[in-house]
Amino acid sequence: MRHLLLTTTCLAAVSACTTSEKPEPAVKPNIVVIYLDDLGYGDVGAYGATGLETPHMDALANSGVKFTDAHATSATCTPSRYGLLTGVYPWRNKEANILPGTAPLIIDTDQLTIPKMLKENGYQTAIVGKWHLGLGDGVVDWNQRVSPGPNEVGFDYSYIMAATQDRVPTVYLEDGYVDNLDPNDPIEVNYEQNFEGEPTGKDNPELLTMKWHHGHNSSIVNGIPRIGFMKGGEAAKWNDVDMADHFLAKVQEYLKTHKDKPFFLYYAMQQPHVPRTPHPRFVGSSSMGPRGDVIVEADWCIGEFLKTLEAEGLLENTLVILTSDNGPVLNDGYYDDAVEKLGDHQPAGPLRGGKYSLFEAGTRVPFITYWKGTIEPKISDALVCQLDLLASLASLIGGEETTTDSQDMLDVLMGKSTNGRESLVLEATSRTALREGDWLMIPPYEGPARNDQVAIELGNSKVFQLYNLKSDLGQQTNMAESNPEKLEEMKETFVAIRGKEYSKIQALELK
């Protein structure tokens, strides 16, 4: 009941955000990006979700600009995060793939990033939550300061998990140092072979509280088998069920201690990525098992975060952007009833595909901009991309920094214009496709049409695919043969942006 009461209180506060009297615009507003992990287009009430309630995300959507055609740059997490922070298409960086926990940093320390750009313009910058863009130079000693990392690409403060919740090392790092590390119990990490005597999910099923389905059968932490092998660092290991509360406390503390100067806060939440480990007070809060429960939990955290913004007097001078790194997936490596308890809920909404897919559900995600008293409520059908945040935020603060790929969409994000992008190249595990207006063109690619482990259509076909999303949002009718003129036009645009080497791809590998 406690979190339900808080939910109601916060919803009332946020729903009342739009006022007739607008405050004088600040020169440098605070900027917050709330980035969820694997949240699908249909996983939010305001976007049609059933089987769970998301009142705080709904309140943001109903009080700000709710975008219906907004995209991550990729259908998987590392590339999307790369594109968001750098304003560069991830397919331009061959290292922007789903990374192991030991991967080196894939953002060049000389590269322009959102935090670096804002820091140069007087902002305090921070990341709290999931990183998954690599750390160090490829040989990491987790018992010393791990560098380069977020601090070397523009973040003054970082409190992160190195990769994902299902990968080792299962520890938090604060400004490069493992939090709460006992020097007498050093951490060792290896993604190739196990350490002698250490149990694994594959060999010791009796030790598991969560059963693995595919890939996640190596080191066991908190009864959950992970990807990769880890030894030591017992005192530093996180408690999965407390992770949401832990990150929330960190962002709340940041707001309270950095409110006197403009800040950029990247709040990178872990939900609803696997392993889905809701705190006990959220277990059963949806009808869909752990996946639904952690979405409800994430929504509550967002509500608590917004309450803190308001309590600290920051809400009227803070631009909040909420979105997700890619589309949804149900079974992504663990048995957790995500499939069995789905009911009538449609994580992708009316879209085809999901995470890993070139179909629309791979990259079309919830995207909301909210600024109390400044942004008026509206629904926007403009084509926008997370890629454009760098140029748009530069424009917001009076700068002109941009990259080859990031476009200034500030007026669109502020709800003042509906003129979105003319074209956008989207990516899914190295395969790319083109959005242009209402059209999506997917080139032929080798590989299976569907990945059975995650039960998602990948978008692969031996022929070109062309869809008119205005009349066929679910992508059921391939118009490549019936509209050859449009297909040729889009092929020319695609090759002009992407290059002729687009067919050289990497096979999807689920670990």
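**One residue, then the wider picture**

Tutor: Start with Asp37, which sits in the loop between S1 and helix H2 (55-63). Helices (H or I, at least four residues) and strands (E, at least two) are DSSP runs, numbered from the N terminus.

Student: Where do these numbers come from?

Tutor: This is a predicted model, where local features need pLDDT of at least 70 and side-chain atom pairs count only at pLDDT 80 or more, while totals for chains, interfaces and linings use all residues. Residues are numbered from 1 along each chain as its sequence is written, and side-chain values use heavy atoms, with hydrogens and water left out.

Student: OK, is Asp37 buried or exposed?

Tutor: Asp37 is buried, with a relative accessible area of 1%. Buried means under 20% relative accessible area, exposed over 50%, and partly exposed in between (1.4 Å probe, protein chains only).

Student: What is Asp37 in contact with, leaving aside neighbours within four places in sequence?

Tutor: Among them are Cys77, Arg81, Lys130, His273 and Asp325. Contact means heavy atoms within 4.5 Å.

Student: New topic: how many residues has the largest nonpolar core?

Tutor: The largest nonpolar core has 61 residues, and Trp131, Trp142 and Leu173 are among those with the most contacts inside it. Such a core is a set of buried Ala, Val, Leu, Ile, Met, Phe, Trp, Tyr and Cys residues joined through side-chain atoms within 4.5 Å.

Student: Which elements give two or more residues to this core?

Tutor: Several do, including strand S1 (30-36), helix H3 (77-86) and helix H7 (389-396). H7 gives the largest share, five residues.

Student: Now the domains. Which ones are there?

Tutor: The domain assignment gives domain 1 (30-187 + 232-417) and domain 2 (425-498); such bounds come from an automatic or database assignment. Their centres, taken over C-alpha atoms, are 27 Å apart. The contact takes 29 residues from domain 1 and 27 residues from domain 2.

Student: How much area do domain 1 and domain 2 bury between them?

Tutor: About 2400 Å², with 59% of it on carbon and sulfur atoms. Buried area is the accessible area (1.4 Å probe) that two parts lose on being put together, summed over both. On the domain 1 side, Trp91, Arg352 and Leu358 lose the most area to domain 2, together 35% of what that side buries.

Student: How many salt bridges does the rule find across that interface?

Tutor: Three. The rule asks for a side-chain nitrogen of Lys or Arg within 4 Å of a carboxyl oxygen of Asp or Glu.
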